[in-house]
Amino acid sequence: MIRLSGRSLAETSELARAGGDRSRLGTKLPVRERLALLLDPDSFVEDGLLASALDEGLPADAVIVGSGTVGGRPVGVVASDPTVKAGSWGRRTVEKQIRLLERADRDLLPVFYLVDSAGGRLTDQLGFHAGPRGAARIFHLQVRLSGRVPQICCLFGPSAAGGAYMPAFCDWVGMVDGNASMFLASPRIAQKAIGETVTLEEMGGAGMHTSVSGMGDQLCADDAGAIAAAKDFFSFLPGSWQEKPAPAPPLAPASEDWDGVIPDNHRAGYDVRGVIERVADASSFFEVKARWAPEIVVGFARIDGRAAGIVANQPAVRSGAIQVDSADKAARFIALCDAFNLPLLFLCDIPGFMIGSAVERQGIIRHGAKMVAAMSSAEVPRFCVVLRKAFAAGYYAMSSPGFEPRATIALEGAQIGAMAGEAAINAVYANRIEAIEDPEERAAFVAEHVAEYEPELDAMRLASELLIETVIPPQQLREELRRRLADADGWERRPPGRHHGAFPV
């Protein structure tokens with residue numbers, strides 16, 4: 001028997017499985033322990049174990065790829081091994097990943113990315129960077145897979161330079177606090193190139209990306225927590241765009257007591273998660289990007305076992321007005337739900353889009369248009385629930401009747417209109433109000449005209465004019481949505497009529 005490496009096949013295979021130096025892992029789990037937490041027992045089929053087997057110091061060439069099952073469902077996996085050359089990419093590292101993604105493209109296989117990589121190996125630039133089978137091919141395949149199969153990323157360590165785009169093309173990114181980072185250039189390179197002195201956490205740490213840039217979807221305490229969250233996220237999605245999400249056993253909501261959940265005062269803040277808790281099955285709400293743009297809440301939930309996406313204004317933060325980042329957050333989530341056939345539930349309690357010179361300079365109109373375009377383009381069943389108020393163009397963005405939701409439902413006492421009563425009166429009668437010198441007389445004038453104006457906003461008036469479908473008390477909302485979701489079970493998409501819209505960026 002010829003021994004090219006001086007070792008037997010069994011010895012070579014064992015060394016490849018062992019990886020490299022684990023002494024630098026710190027609080028991180030070894031890559032194969034991560035895979036054991038992710039995949040069902042005895043389901044993993046590995047490819048390319050002997051890559052670079054004849055090269056010293058490159059067990060499996062720093063990446064493990066293959067397929068297995070998660071909850072009995074087939075998936076592909078790409079897992080960096082940070083103990084081998086810091087998980088960096090060379091020619092064979094890239095080739096292994098490309099082959100796995102090509103299979104995912106052929107077989108419509110969801111992909112989990114367990115990322116912990118220092119980026120490309122500068123000693124192997126011709127291998128990983130420039131050619132048709134280089135790193136660019138990975139990103140090309142990720143884009144090709146987008147919206148066709150779920151792509152889910154757990155980021156345990158760095159994702160550096162061009163490699164940072166691997167998480168960027170995924171549907172969900174969980175980042176481990178204190179260990180995970182994403183950046184196009186390290187702090188050292190930034191200091192040399194542009195003279196900026198910055199820490200790694202400030203440049204691209206997990207805390208920053210989950211609260212400032214929005215690149216990270218969830219801040220996780222450790223490796224095991226990130227993997228558990230990734231599996232939970234996956235449980236709401238079908239295996240591909242050709243399927244619908246599988247139902248789960250129905251559960252009662254965590255609470256059915258609505259007393260004090262939504263304040264009568266339309267200006268008072270409250271946590272919209274309290275509404276979600278009373279509408280969704282107990283413990284089923286999976287929030288996405290909770291730390292970023294918190295004035296809007298998005299996430300998956302189940303209602304009587306059926307999976308749905310929720311987009312909810314958050315009156316506890318900035319009155320729930322849509323800002324630049326929250327418009328982007330909602331647009332991205334709406335597109336995700338539409339791609340994978342999850343019905344959308346809009347919980348509307350909104351004063352409108354944010355106003356002022358600061359947001360205008362940031363492009364609030366352009367970003368708001370992205371949200372409206374994503375919502376309007378979504379073919380999945382959509383439902384708009386006006387919890388308390390729906391004013392101005394914010395109502396449009398939350399799937400108002402003009403955008404053909406399956407139903408617009410208002411809770412008792414809700415108001416819908418172009419502008420809130422007092423604001424409208426102050427706009428219409430600005431000159432007359434300013435001419436009244438006595439403060440009490442001025443206040444009485446405003447109050448009188450508000451009292452005349454507000455009946456036009458009342459949801460009962462809109463329902464009587466058939467501008468919305470129905471008005472109900474909060475206690476009936478879950479049952480109303482349960483029946484309407486069940487009624488929409490047989491929905492189908494329209495035949496394609498164009499390539500795609502040219503939407504705002």
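Is Asp-61 buried or exposed? In this predicted model, in which local features need pLDDT of at least 70, side-chain atom pairs count only at pLDDT 80 or more, and totals for chains, interfaces and linings use all residues, Asp-61 is buried, with a relative accessible area of 2%, where buried denotes under 20% relative accessible area, exposed over 50% and partly exposed the range in between (1.4 Å probe, protein chains only). Residues are numbered from 1 along each chain as its sequence is written, and side-chain values use heavy atoms, with hydrogens and water left out.

Asp-61 belongs to the loop between β1 (45-47) and β2 (63-70), and its phi is positive, about 55°, although the residue is not a glycine. Most residues other than glycine have a negative phi. A positive phi, near 55°, is also found for Ala-161, which is placed in the loop between β5 (151-160) and α6 (165-168); Ala-161 counts as partly exposed, at 32% relative accessibility.

The chain as a whole contains 20 helices and 16 strands, assigned as DSSP runs (helices H or I, at least four residues; strands E, at least two) and numbered from the N terminus. For its 505 residues a compact globule would have a radius of gyration near 23 Å, and the 26 Å of the chain agrees with this, the radius being taken over C-alpha atoms and the globule rule being 2.2 Å times the number of residues to the power 0.38. Along its principal axes, the C-alpha trace spans about 100 × 55 × 45 Å. Of the 505 residues, 52% count as buried, and among contacts (heavy atoms within 4.5 Å) between residues at least 6 apart in sequence, 72% join residues at least 24 apart.

Within helix α20 (residues 477-487), the buried residues are Leu-477, Arg-478, Glu-480, Leu-481 and Leu-485. Viewed down the axis of α20, these buried residues fall within an arc of 160° and so line one face of the helix, the arc being that of the directions from the helix axis to the C-beta atoms. An α-helix has 3.6 residues a turn, so residues three or four places apart point the same way.

Arg-91 is located in helix α3 (residues 91-107) and is partly exposed, with a relative accessible area of 44%. When residues up to four places away in sequence are not counted, Arg-91 touches Asp-124, Gly-127 and Phe-128. Arg-91 and Ser-159, which are 68 residues apart in sequence, lie 18 Å apart in space, C-alpha to C-alpha.
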